Amino acid sequence: MSWLTKIALKKRWLTFLIVAIVTGVSIWSTLALQMELIPDIELPVTSAVTVYPQAKPETVMNDVTIKVESAISGLKGLDHMVSTASEGATFTFAMFDYGTDMAETNRLIEENLAALDLPAEVRNLPLAMPQLRENPQLYAIDMNLMPVVILSLTGDMPPSELEQIVLTQIMPALEQVEGVYHVGIEGGSSQQVLVNLDPLLLNDAGISMSGVVAMLSAKAYGSIDELENTAVSADVPLKDVGAVKLGLTAGSAVSRTNGKTGVTINIVKEADSNTVFVANAVMAEVEGIAASLPADVTLYTVMDQSEYIETSISDLSRNALIGCGLAIVVVFFFLMALRASLVTAVSIPLSILVGFLIMRFLGITINLLTLSAMAIAIGRVIDNSIVVLEVIYRRMQNGEPFRTAALDGVKEVAAPITSSTLATVVIFIPIAFVGGIVGQMFIPFALTMTAALVASLIVALMVIPPLANFPVVKKAAKGDGQTWYQRLYLPVLKWSLAHRALTLVIAAVLFFGSFTLVPIIGTSFIPSMGEKMLTVEVSMPRGTDLTTTEDAVIKVEKVLVTHPDVETIQTTAGTSGSISGGFMAMGGVGDSTASIMVILDREADMELTAAGVRDDLTGIVPGADITVITGQAMSGGMTGTGLDISIRGDNYEDLAAAAQQLYTELADVDGIAELELGLATVEPKLDITPDSARLMASGLPEEQLAQIQQEFFLIQVGSTVSQATIDGHTYEVYLSGVVPNLDSAEVARELRVGFPQSVKLGDIAVVELGEQQTNIQRINGKLAASITASITARDIGAVNRAVQEKIDSLPVAPGVDISQGGMMEMMQESFSGMFIAIILAIVLAFAVIAVTFRSLLTPIVIMISLPLASIGALLSLLFAGQTLGISAMMGVLMLVGIVLTNAIVLIHLVERLRKQGISTHDALVESGRTRMRPILMTALTTMIAMLPLALGLGEGTILSAELAIVVIGGLFSSTLLTLLVIPVMYSLSKGMRRQKAAG
């Protein structure tokens with residue numbers, strides 16, 4: 001590679017011109033890079049929703065769910081599939097292997113769904129419900145569908161009026177912003193006059209629901225009193241058979257922000273748009289919109305992804321600059337030459353800028369991971385330049401002219417720095433084979449590091465030598481010419497070479513002893529990225545109306561707003577516009593649920609705050625199930641959902657018994673919270689089956705017989721019947737169905753059906769009260785139950801092991817299978833993949849070194865430096881209070897390449913000296929003396945440059961902090977021990993070779 005230096009030195013002015021041009025292009029490319037929170041990851045998940053009106057869960061499962069599963073189960077790459085059948089609907093969620101072509105997979109699923117033989121009530125439903133495009137309907141799940149900005153409009157006016165302001169003034173303006181894909185709203189549901197009839201009173205009066213509809217639909221009303229006094233029969237006013245009130249109808253949603261009712265606005269960007277640019281453009285438009293709104297309304301920003309991204313990028317950039325400055329100080333400390341230090345420092349911005357240029361060509365965005373990679377690379381990209389400049393500087397100090405010192409110096413070190421750079425680069429190749437979410441997230445990280453390192457090698461060989469032509473003070477000829485650190489090191493090195501067995505025993509004890517720290521350190525997965533937030537889920541008893549749910553939410557909100565760490569709360573009660581919200585509505589539980597997004601102060605401890613909130617909310621709403629989940633809504637569940645256990649079997653009674661027993665056992669496990677059992681409950685349910693023979697013999701006129709299906713729909717669902725004007729506002733009058741709240745078959749049989757002529761429901765249908773499951777869950781084609789919980793302990797691995805012990809010791813019936821998914825499954829797969837990646841990285845690095853040294857024994861000696869790094873890596877995690885997570889494992893992988901640099905540089909000179917006839921012992925001592933300065937310089941610059949990241953200063957550093965801590969600790973121990981253990985191992989290897997040759 002020294003030929004590159006010859007080219008650069010031949011026309012120095014041309015070299016500098018090319019550098020200037022490349023720098024300019026790189027700056028332009030850097031400014032043009034997209035900015036995101038995390039890499040653009042294609043989630044390999046999809047879902048299908050099918051509506052089967054009024055069908056029981058068991059019927060839905062047999063007639064629809066199993067068939068929908070068959071349309072998905074045979075596809076390539078399917079990992080697991082979960083289905084839930086409830087009354088009137090089924091939801092199927094499928095997850096595939098990462099890397100699956102989801103566009104093609106979704107196309108195949110749509111084709112298979114279209115070919116299914118489904119009941120006519122399912123296939124023909126889109127004709128009656130135009131908003132339902134297809135049935136079944138496929139919903140692809142995409143990270144890009146998450147809002148980049150969430151706004152809320154609140155004010156002293158009805159939600160319906162706020163909704164009109166959003167629809168007429170805000171949405172049209174935001175939809176015109178470049179890069180905006182969709183603007184959606186939640187809340188703003190109009191109130192209605194709700195009429196709830198009492199079945200007993202209806203029966204006593206002998207009135208049918210269709211008769212009430214006929215009487216109420218005759219006119220519009222001017223007040224609730226007028227409506228209540230309207231006669232629904234000869235002398236029976238409406239108030240005698242039911243209650244009338246102003247409220248929200250079923251299927252509505254209530255949006256609240258910081259305790260005020262309003263309308264939530266979700267802005268979604270186009271898939272290929274820059275998150276920060278789009279969010280900033282939206283916020284600029286919001287400023288103009290806010291100025292034109294009425295004085296009594298407020299447009300509030302609930303969440304703006306760009307704020308966190310920009311703050312994180314700013315903090316990471318600041319840490320990188322601090323690291324850069326510290327690295328330059330280290331170089332100056334060793335060389336004590338300002339110009340030489342500045343020349344070396346040139347490699348940092350040049351390498352980083354060229355790295356960004358390469359990122360631009362590869363289509364990689366600036367995000368927390370790639371910027372962390374660049375910040376971590378700061379200390380590494382200067383290493384090659386340090387080695388090159390140090391050897392040129394040393395030769396010039398010894399009296400060599402510049403050109404000779406530059407050419408011969410580069411020849412001396414070109415092979416080892418190229419080898420060490422390649423060894424560092426090739427370790428990232430196995431990342432592509434890790435798979436899963438880790439592979440998807442860290443491939444851009446690896447490519448970014450590779451780009452920076454390749455750029456640093458080119459800079460070191462082509463830019464640093466031409467810049468090194470500066471005056472150098474020649475070495476004085478007095479004394480031994482050794483620095484203070486050489487005088488400390490050389491006696492220790494000579495002692496180690498004289499006591500080789502003892503040196504290796506000490507190193508072995510330290511190495512194996514370090515692994516005893518792993519249980520103390522603990523294991524975790526991927527730290528949370530994004531704003532600190534909690535999600536509070538409120539579930540009221542099934543059948544609770546939306547008004548009651550909203551009242552419960554208000555009680556929860558009053559507790560949340562008083563918490564010192566809470567900044568913003570945003571609530572959606574009822575049926576949200578999301579897929580899950582739509583599914584809950586289909587299952588009849590939409591009105592009884594609410595979700596509260598709680599954004600915390602950036603300095604808050606999420607787990608500690610969550611624990612406090614859980615305590616504060618205990619018992620606040622009698623009968624409600626309130627859960628508090630930590631994590632970011634923006635993560636989309638990518639990193640698992642805490643504890644997630646599946647209990648599968650062919651017999652529901654057996655799996656239910658196992659699930660109940662395991663649920664009880666897990667209550668004693670420390671480190672988990674919000675333990676929930678997902679087991680279908682059984683509740684009383686009226687079963688109404690029309691009897692065609694009885695119907696024909698009922699005596700109803702033919703025109704009424706044709707409308708009997710509408711009669712059944714009316715008594716179960718209800719209908720809008722008229723309008724009422726109250727206090728100047730016009731509302732629809734909605735008559736609620738009477739069957740959903742009935743728990744008596746006798747009362748149901750007495751209900752009157754038909755108008756003007758009516759008969760008893762029991763005369764034309766079989767009416768029975770039976771027990772019915774609320775929903776039926778299936779996992780991978782088998783009946784299932786689930787147990788979920790949040791993991792609050794720092795050592796996630798210990799919690800998972802404790803849970804697994806409970807599972808293993810649980811006696812279960814034959815055919816019942818219990819397995820952990822969620823975070824546990826992801827951790828196992830990711831750690832297994834990372835271990836394999838580290839082993840492959842070691843093999844690849846060995847191959848590179850073997851080619852460089854043209855030997856198999858010497859690379860083995862050099863590879864001894866790798867286990868020495870584990871000592872400091874584990875100790876540093878222990879002292880820093882961090883766990884061994886995927887980020888730390890990535891640091892271990894990086895150490896494979898980084899720590900080899902020192903050993904390569906050291907042994908390469910030893911080999912050269914031995915070829916000159918110098919003895920092995922003397923060659924080792926001389927190489928240690930000569931190479932100690934560049935080894936210490938490169939190690940210290942790498943460690944000190946990473947120090948700001950390791951300290952976790954600022955936003956967005958949590959992922960890089962764990963990695964930086966591992967690299968600093970591992971490099972510290974490996975550097976110190978490499979300077980002693982590697983010479984000892986080399987000496988032993990040469991001694992054994994001589995003995996073998998002599999034998």
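1. Start with V22, which is partly exposed, at a relative accessible area of 31%. Here "buried" means under 20% relative accessible area, "exposed" means over 50%, and "partly exposed" is in between, using a 1.4 Å probe and protein chains only. V22 sits in helix α2, residues 12-32. Helices are DSSP runs of H or I with at least four residues, strands are runs of E with at least two, and both are numbered from the N terminus.

2. Before going on, keep in mind that this is a predicted model, where local features need pLDDT of at least 70 and side-chain atom pairs count only at pLDDT 80 or more, while totals for chains, interfaces and linings use all residues. Residues are numbered from 1 along each chain as its sequence is written, and side-chain values use heavy atoms, with hydrogens and water left out.

3. Now look at the surface around V22. Together with W13, L14, L17, I18, I21, V25 and W28, V22 forms a nonpolar patch with about 790 Å² of accessible area. Patches are built from residues with over 30% relative accessible area and no salt bridge, joining nonpolar side chains (Val, Leu, Ile, Met, Phe, Trp, Tyr) within 5 Å and like charges within 9 Å. A salt bridge is a side-chain nitrogen of Lys or Arg within 4 Å of a carboxyl oxygen of Asp or Glu. The areas come from the Shrake-Rupley method with a 1.4 Å probe.

4. There's a charged patch to find too: D40, E42, D101 and D142 make up a negative one. Asp and Glu count as negative, and the charge is placed at CG of Asp or CD of Glu. D101 is in the loop between β3 (89-96) and α4 (102-114), and D101 is partly exposed at 47% relative accessible area.

5. Is V51 buried or exposed? V51 is buried, with a relative accessible area of 12%, and belongs to strand β1, residues 45-51. From V51 to T883 you go 832 residues along the sequence and 46 Å through space, C-alpha to C-alpha.

6. Last, the rings: the structure has four aromatic pairs. Rings of Phe, Tyr and Trp (its six-membered ring) pair if their centres lie within 6.5 Å; planes under 30 degrees apart are stacked, over 60 edge-to-face, and the rest tilted. Another edge-to-face pair is F511 with F515, at 5.1 Å and 90°.
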